[in-house]
Amino acid sequence: MFIITGATGQLGRKIVQNLLQIVSAERIAVSVRDPAKADDLAMAGVRVRPGNYDDAASLRHAWEGAKRLLLVSSNASAHGGDPLAHHATAISVAQDLGVERLFYTSQIASSSTSLFPPARTHAATEQMLAKSGLAWTAMRHGFYADSALAMNARGFASGSLVAPADGKVSWTTHDDLAAADAMLLAGNELFDGPTPALTGFEALDLADLADIAQTILGKPVARHLLGDDAMISSAEASGAPPDRIEIMMGYYRAARAGEFAQVDPTLARLLGRRPQLMDDFMAERLS
Ligand SMILES: NC(=O)c1ccc[n+]([C@@H]2O[C@H](COP(=O)([O-])OP(=O)(O)OC[C@H]3O[C@@H](n4cnc5c(N)ncnc54)[C@H](OP(=O)(O)O)[C@@H]3O)[C@@H](O)[C@H]2O)c1
């Protein structure tokens, strides 16, 4: 049985949709917080069971019969929670169930010394997997192209992209990553441990994104630099919690250090085509 968690989220749902093109529905099960949000998958013949990373018993039930398990990384840090505790629970349940291989959605900057807090969580999770005795694959995803839009939505709308100094990022779309993840989960190719960085074809900074947005939107979009301290003060004044500010500032610091800049051909090779370019992705989403 192939098990996929987070299947009501953006990435997990697309992974299931891709896997359905490769293996039959009765071999696929999803583990979701709210089964009502996965009615369409149940209709397609996929087994849907409730599973919450906070509740090991629910995962044990949802993952019954698991051979190959794809664990979508927890987004708990965005809500003040502890993603590492979630991953520890998931790994422990996978050990109990004798899962043959666990696939984990890691990130390009995964490192214990990363300036980006979530990348340190990914590294710690990879360490837990290495010590678990499980066979495992960590898909080191490029930074989501979607995040480029979410982080800069106000700037694109106002025509003024105000942010601290950044660096080049090899933005990568959910569609491309989900297609590759489904192939790896299905066993088309084996990576033992971390994959090479799975990235888009180009690395772009905020000034590049402003130029692209300007062309698409047909209006001036300018990039303005803001000091780190001014950015922190502005976030504090708007009521952002300290851990959110830490993640946000970690992004700029890590980007400046080149942590998200690597462009690697592995994703293109797996897909058999060029990953989607930011011009095309932004044209789809901004226009
Ligand atoms: N590579 C990158 O650049 C990047 C950027 C941002 C995030 N990420 C990571 O990639 C992951 C997937 O991204 P995404 O875009 O698919 O995010 P998403 O749409 O927010 O999906 C997250 C999924 O995790 C599920 N979830 C949250 N808490 C859970 C819990 N306690 N137990 C079980 N499931 C839980 C959510 O369930 P519900 O549907 O019930 O909410 C949702 O299905 C994120 O969770 C985050 O760790 C990576």
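Q: How do the residues of the shell around the ligand divide into nonpolar, polar and charged?
A: In this predicted model, the shell around the ligand holds five nonpolar, 15 polar and four charged residues, with Gly counted among the polar ones.

Q: Which residues come nearest to the ligand?
A: Of the 24 residues around the ligand, those that come nearest are Gly6, Thr8, Gly9, Leu11 and Asn75.

Q: What makes α1 stand out in the shell around the ligand?
A: Both α1 (10-19) and β5 (101-107) supply at least two residues of that shell, but α1 gives the most, with three residues.

Q: Why is one side of β3 and of β8 left without a neighbour in the sheet?
A: The sheet is open, and its seven strands run in the order β3-β2-β1-β4-β5-β6-β8 with parallel pairing. Because β3 (47-50) and β8 (193-194) stand at the edges, each has a single partner strand, and one side of each therefore lacks a neighbour in the sheet.

Q: Why is strand β6 called largely enclosed?
A: A residue is buried if 20 or more other C-beta atoms lie within 10 Å of its own, and six of the six residues of β6 (residues 136-141) are buried, so the strand is largely enclosed by the rest of the structure.

Q: What makes helix α9 hardly covered?
A: Among the 10 residues of α9 (residues 228-237), the count of buried residues is zero. The helix is followed by Gly239, whose phi is positive, near 90°.

Q: Why is Arg120 called partly exposed?
A: Arg120, which lies in helix α5 (residues 117-132), has 18 other C-beta atoms within 10 Å. A residue would be buried at 20 or more and exposed at 12 or fewer, so with 18 Arg120 falls in between and is partly exposed.

Q: Which residues is Arg120 in contact with, leaving aside its neighbours within four places in sequence?
A: Beyond those neighbours, Arg120 is in contact with Ser112 and Ser114. The C-alpha atoms of Arg120 and Gln107, which are 13 residues apart along the chain, are separated by 9.8 Å.

Q: How do you know that the radius of gyration of the chain agrees with that of a compact globule?
A: For 287 residues, a compact globule would have a radius of gyration near 19 Å, and the chain has 19 Å, so the two agree. Along the principal axes, the C-alpha atoms fill a box of roughly 55 × 35 × 35 Å. The chain comes to 12 helices and nine strands, and 41% of its 287 residues count as buried. Of the contacts with a separation of 6 or more, 75% are between residues 24 or more positions apart.

Key: Residues numbered from 1 in each chain as written. Predicted model: local features only at pLDDT ≥ 70, side-chain atom pairs only at ≥ 80, totals over all residues. Near = placed C-beta within 6 Å. Helix = DSSP H or I, 4+ residues; strand = E, 2+ residues; numbered from the N terminus. Pairing = 2+ DSSP bridges. Rg over C-alpha atoms; globule rule 2.2 N^0.38 Å. Contact = placed C-beta atoms within 7 Å.
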